[in-house]
Structure formats: C-alpha cells, structure tokens
Amino acid sequence: MTVRFSSSCVSGETGARRSGIRPAAVGRALATGVTGLVLLLLVLVVVRLPWMGDLGIHAATVQRLRHSPLAPGNPLVDANTPSPYYSPWTLVLGGVARATGLDVFVVLRLAAAAGLALLVTGVWRYVRTLSARPAAPVLALLSLWFLWGTEPLLWSGFTGLHSLALTAAYPSTFTLGLAFHFWTWLSGAVRRPAGWGVWLGLGVLWAVILLCHQFSGVVATAGAAATVAAARPGHAVWPRLGGALLLGVSVLGAWPYYDFYALADAGERLETVHRVLYAHPVARFGLALLGVAALVARWRRDHRDPLVVFCALGVLAVAAGRVTGHYSWARAFPAAVIPAQLAAALAVVEAGSRRVRAVWAALLAAALLAGAWAQAGALGYVVPADALPGPVADTYRRPWPGYGWITRWVRYGDVVMAEGRVARQVPAYGPYTVAPGYPDFFLADEDRRVAATRAYFAPATSPAERRRIEREYEVRWVLDRRGALDDPGLRAVARGPRGEVLYAVR
C-alpha cells in the first residue's frame, strides 16, 4: 500500500532507509495485511450467513425457482404473478439448488462467496484501468469498505463492511461486482478498437446487470456513461455503442419473468421505503468528503475525468430524487460515493510530490480508522457479541433465529397466516403467506391481503370472520408472534424459541 505513514521529517525514516526498508513498502504491506484480515472476516461471515434483513425474500426466490424454474409464480404468496426477484442470477442459483439438492441456505452461502469474489476481483481490475501503482487496488478496497461515515448504513448495494456482512448473499453484491468488471471491459473497448462481437457482448452484460439488481444497475449505467465520456471515443465507436445499447434494451424487454419497464411505475410504497436514505447524510457519508477533495483536484487536471463524471451523475440522480419526491433514487448514492472513495485512494499514490502524497496518506489513514470503528459492529457476526467492547456492541445487530423449526409440520406450498417480520421469513422455508412481507406492485390484490391479515390478528375479530379469511386464502397454519390467539378453530402444535405459537387450522 502506498500509504506513507512516515515522511521525510520523521526520524524513523532515516533508519528505515539505512536498513533498506522503504516506508512505502512498509505501508503497502500493512494495508495488504489489513485487507487480508477484512477478507477473512467476510469469509467467516459467509460461513455463518447472518439471518436478517431481506434474506427471506432471496431464499424464497431460490425456493420457487428450484421447484418450478419455468413458472415459479409469486415468491411470497400463492399467486401467479411476475416478480423482479426472478433474475438471471437467481435463476442460476435455483438451477444449482435443483441440480444438487443442496439446502437453499447453502446455495445462498455459495452465492455470497461468488458475489464477494466478483466484487474484489472487479474492483482490482477496474482500479488497474485508472492507475498502474501496485498499492492502488488495495487502497481502493479499504476505501470502499470504510470510507463512508461515522454511522453505518446497512442497505443492499452499499459497500460498507457492515452492510456487506449482511448483504453478501444478496443479488446486489453479485451485481455490483459484475459492474466493476463491466466498466473494466468497457474501458478497454473504448480505448482500443473492439469488434462488433465485443460491443454486443457488453450490451447483453449491461442488460443482465440491470435485471439482476435494478438499483445497482443504475449505478453501473452511470459508471459506464462516465467511462465513455472520459474516453472521447472516435466516430467508429458510436455505431457499435448504439448497437450494444439497442441489444441491451431488447434483452431487457424480452426477459420472460417480469416486465422490466413496468418498474418505472413502482408506486408510492417504494418511495416511502427509501425516504430514510436521505436522513443523516453527514453521519452516513461524511468521511467520503475526503474523496470529494480528491475529485476536485482530478477535475482541475481533466474536466472529463471518469471518476469526476461518475460522481457528478450520481449526485444529480440523488438530488433529483430528493427534489421530486422520488426517494427510491437515493439508491444511486453509491454512484456518488464510490468514485469519491476511489479518488481518495488514488490520491495517495498519484497526487503531486512525495510530501503531498504523504499528507494524503495520513488523511486517508485517519479517515479509514474512523470508518473502521464505525463498521466494527460486523465483528459480532464472527465473535460472541458479549466479547465486543460496549460501543461496538451497540452497533451490532443480532441476527434473527429464523423459522426452520416450523418445517416439521408445515410443508412446501402450504399457506401460513403471519404478519410483520414473520411474514418476511416464513417463505424462505417453502410455505406462502397471505400478505407479502415486502411491497409488491405486481400483486394486484396486495392491499386486500394486507387488510385481511391485519383483521385476522385483531383481537376484536370474530372466529367466524377468521374462518372466512382462512377459506378465501386456503390458510392451513397460523403463526402468531405474540402467542395470544384464543380461537376454538385453531389448535396449537408448536412453540418457537421466542414465544411464537404455530397453530393448525382445524
């Protein structure tokens, strides 16, 4: 790593030079060692696969594709509707589960390992297109993990360490890794003459990225636009680029599992969910301001620098979402933050004189340490939580125990009446719920299902009304997280580790 912790004014440098040890080499070795430790941490996280967040919907998606790859239906409820979760990547995972007979959660561990490997190698290759310095990729990885803010943002598509620890198995990690490789291949195509085959392949890859995770696909598109703008391609490139875009658009329209273009009318629920992303911007992204300073220096050298254009496009998308109320556009935040993080890393190895680079190294090292402390809650996924220091334990989110215990009675395809967070987890094991645990604008009767679920668990609801709801949705089981239902039409069959009760419908 080119983080030069010692400068010419430090007396230890003289001793290091006399012993034949270069300070830059020491810094690079230290950074490489830290990077290796973080990767080891992520590998251990994959082994444990923390059960929380959106893991349930992804497990349910793989379940449906394993049992019915051609017509999986809705992943959460017993309805024949399309779903944006059925992507090329989850189709592969469903095929692996079907061919091998592996448990879905084992397949998701494999997905996490593949996604992280793709992300690390993608960052490494893309940074090589920006700098030939050997320390640049290592610094870039550290910046992507830690150069965020003092408050960790746990959301898919964001590369902070704590966020990756929870979302490694999600399609967003795989997709973002694929995006870095996409930018690398695109950089080569615009810099050197590339044939029609290469460009058409890039068009298909762009479509695959958008299908696998739409929000990360927006980030990938912004990075691609910046790459093309910075390369100033000749006239021969434009027809090939147009052909690639046309083929990509065609692939998006031809995808049989859901209507990609219908996502543009996702509705109010999607905006409401994402509004929180605009809260506490300094606490969540403040450390990345160091990279903004590096971007200003790059802009002065070249107004069409790829990282500068990339960041500008991300800022425009996020700002437009805030102004217009399209809060889901906040998922473009990585398009603004990632280029700033990379710029900060590259400044350490390329900015001006040795003294200037030493200053950048000191600033980046301090920012990375602050960011590492903010992300330290991820340690709780590989060490006992009670072994963590108090401030670190406060940022650790304890995983959910899951509902694997119900599978002794509940079979694949059974309908379970459940509400809240429970409804997010139950479909991961094969059953359906009455109401989806997530907003689903492809599901026409979603509001009716939500209302029926709310009414079912309301204390004032009569047994006769519950029987009517059970018949309408073919409910066979009821999972009550409070364990307080008193209804003669239900028979308690099991109690979960947190007091939940599984009832069989008589």
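## Around D487

D487 touches P463, R466 and R467, leaving aside residues up to four places away in sequence; contact here means heavy atoms within 4.5 Å. This residue is found in the loop between β3 and β4. Helices (H or I, at least four residues) and strands (E, at least two) are DSSP runs, numbered from the N terminus. With a relative accessible area of 6%, D487 is buried. Buried means under 20% relative accessible area, exposed over 50%, and partly exposed in between (1.4 Å probe, protein chains only). The side chain of D487 reaches the backbone nitrogen of G489 at 2.7 Å.

## Basis of the model

This is a predicted model, in which local features need pLDDT of at least 70 and side-chain atom pairs count only at pLDDT 80 or more, while totals for chains, interfaces and linings use all residues. Residues are numbered from 1 along each chain as its sequence is written, and side-chain values use heavy atoms, with hydrogens and water left out.

## Around E419

E419 is found in the loop between β1 (415–417) and α19 (421–425). Its relative accessible area is 16%, so E419 counts as buried. A polar contact of 2.8 Å joins the side chains of E419 and R482. Such a contact is a pair of N or O atoms within 3.5 Å; within protein, one must be able to donate a hydrogen and the other to accept it, and residues adjacent in sequence count only if both atoms are side-chain atoms. Not counting residues up to four places away in sequence, E419 touches T453, F457, R481 and R482.

Strands β4 (residues 490–495) and β5 (residues 501–505) run antiparallel and are joined by 5 bridges. Two strands pair if DSSP finds at least two bridges between them. R491 stands opposite A504 in β5. The two strands form a hairpin with 5 residues between them, and G499 in the turn has a positive phi of about 90°.

Most residues other than glycine have a negative phi. L49 has a positive phi, near 45°, and is not a glycine. L49 lies in the loop between α2 (23–48) and α3 (55–67) and is buried, with a relative accessible area of 10%.

E474 is also not a glycine, and its phi is positive at about 55°. E474 sits in the loop between α21 (463–473) and β3 (477–480). At 57% relative accessible area, E474 is exposed.

## Helices α9 and α11

The axes of helix α9 (residues 196–212) and helix α11 (residues 237–254) come within 8 Å and cross at roughly 35°. Axes are lines fitted to C-alpha atoms, for helices over the stretch in contact, and angles run from 0 to 180 degrees between N-to-C directions. Residues making the contact include W196, W199 and L200 of α9, and V237, P239 and R240 of α11. By class, the contact has 17 nonpolar, 3 polar and 1 charged residues. Ala, Val, Leu, Ile, Met, Phe, Trp, Tyr, Cys and Pro count as nonpolar, Asp, Glu, Lys and Arg as charged, and the others, Gly among them, as polar.

W255 is placed in the loop between α11 and α12 (268–274). At 16% relative accessibility, W255 is buried. W255 touches Y86, S87, P88, L91 and L211, not counting residues up to four places away in sequence.

In helix α6 (residues 136–146), 11 of the 11 residues are buried, so α6 is largely enclosed by the rest of the structure. Among them are P137, W145 and F146.
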